[in-house]
Amino acid sequence: MLKRSIVLIQLFLLLLSGTGFAQRTNSCGFIIPPKQLFKSQFQSVYEAKEIVDDILDSVKWSENFRLQEKNGMNNAYATIINRIRYIIYDNDFLENLDDYANTKWASISVLAHEMGHHYYNHVVNGQGSTIPTEIEADFFSGYAMQKEGATLEQSLAAMKAIASDKASSTHPGKNDRLAAITRGWNAAKNHAGANPNNTNSNPFPSTTATTTNPPKTNPSTNTTPTIPTSPNTPSNTDVNADPNTDMSWIGLSMQSSRNEVVYLSDDGKNFQEATIPAGQTFFFKFEIYQYGWLRMKYYNGYRIYKLFHGKDYSIIWNRRTKNWSVVEIPE
């Protein structure tokens, strides 16, 4: 009878923990995993310094940051304090994550993600998280995990467990983050055995990551849309593509007798000016996802439209509202 009562109490505690856990997220938008109530079949081997050193060796990079443990915050993040780079981490949070995801690789991938922020100098400008920088750090994480010997599924375990399904103004949604990790993992696999000092054969240059503008890992991590110099000029990322025949490009036309200026963005925050020539179709692609944003003046402010690759759009004048409107051209 006593044994049965103990089991019932344990089940109640597990259910109670799961209910509270579903409501809690940290400042990065990650779901906070529940605390370990009982020892799981998986024994975590998380040791921050050793793991970081292994990752540094695997990507041929000299450390430019310090580690600092700070339990109780349920998070890990990259920062600069008094001109010194840090990765601040909650060891309990990472241990709980390993237990929740049932793999030691969960905490390792989180550390690799924060290392990616320092590798690409994301914290230097003090602007905080953005969708492009998070995607880039996710790419780094996938690359480092493959180099460490993790399978693709193990590399994705943490993000599958705690990432939010929906994107925020600062962080991508789960599917986009999983895609970025997968790209990084595949890039490392494809470059296995390559000379790490040859930047033409490795996504990561031989550097200590102290430069102001380090090279991008992948064309998909650029922060501005790819815009050809003329309606018939293909993108630099795909020199053989003809936007007139390649239906993955976005075609944007404007019903105006003069050139008109619009604003395009990959992340919905940083917009790039683009001119649509009168009487011509303007072709372009977004780089981070298969979609992006168009901003146009609307009354005394702006209106933002979401555009998708493989679609064509027309900007027309609405005589009732006295504003421009964007409509999708049916196939």
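View 1. Leaving aside neighbours within four places in sequence, S58 touches A144, K147 and E148, where contact means heavy atoms within 4.5 Å. This is a predicted model, in which local features need pLDDT of at least 70 and side-chain atom pairs count only at pLDDT 80 or more, while totals for chains, interfaces and linings use all residues. Residues are numbered from 1 along each chain as its sequence is written, and side-chain values use heavy atoms, with hydrogens and water left out. S58 belongs to helix 2 (residues 48-58); helices (H or I, at least four residues) and strands (E, at least two) are DSSP runs, numbered from the N terminus. S58 counts as buried because its relative accessibility is 18%, and buried means under 20% relative accessible area, exposed over 50%, and partly exposed in between (1.4 Å probe, protein chains only). A polar atom of the S58 side chain lies 2.8 Å from the backbone oxygen of I55.

**View 2. Helix 3 and its surroundings.** Helix 3 (residues 91-101) has 8 of its 11 residues buried, so it is largely enclosed by the rest of the structure. Those buried residues are N91, F93, L94, E95, N96, L97, D98 and D99. They pack against strand 1 (66-69), strand 2 (76-81), strand 3 (84-89), helix 4 (105-119) and helix 6 (152-162). Look at the start of helix 3 to find a side-chain oxygen of D90 within 3.0 Å of the backbone nitrogen of D92. After helix 3 comes N102, with a positive phi near 60 degrees.

View 3. Strand 2 and strand 3 run antiparallel and are joined by 6 bridges, and I80 stands opposite R85 in strand 3.

View 4. Strand 5 (residues 260-265) pairs with strand 8 (residues 291-298) in the antiparallel sense over 3 bridges. To spot a pair of residues, find L264 and its bridge partner L294 in strand 8.

**View 5. The whole chain and its confidence.** The protein chain holds 7 helices and 11 strands, and 47% of its 331 residues count as buried. Its mean pLDDT is 75, with 71% of residues reaching 70 or more; pLDDT is the predictor's confidence in each residue, from 0 to 100. Over residues 1-23, pLDDT stays under 50, and the model has 11 contacts beyond four places in sequence for them. Residues 193-240 also stay under 50, with 110 such contacts in the model.

Methods: Polar contact = N/O pair within 3.5 Å; in protein donor to acceptor, adjacent residues only side chain to side chain. Pairing = 2+ DSSP bridges.
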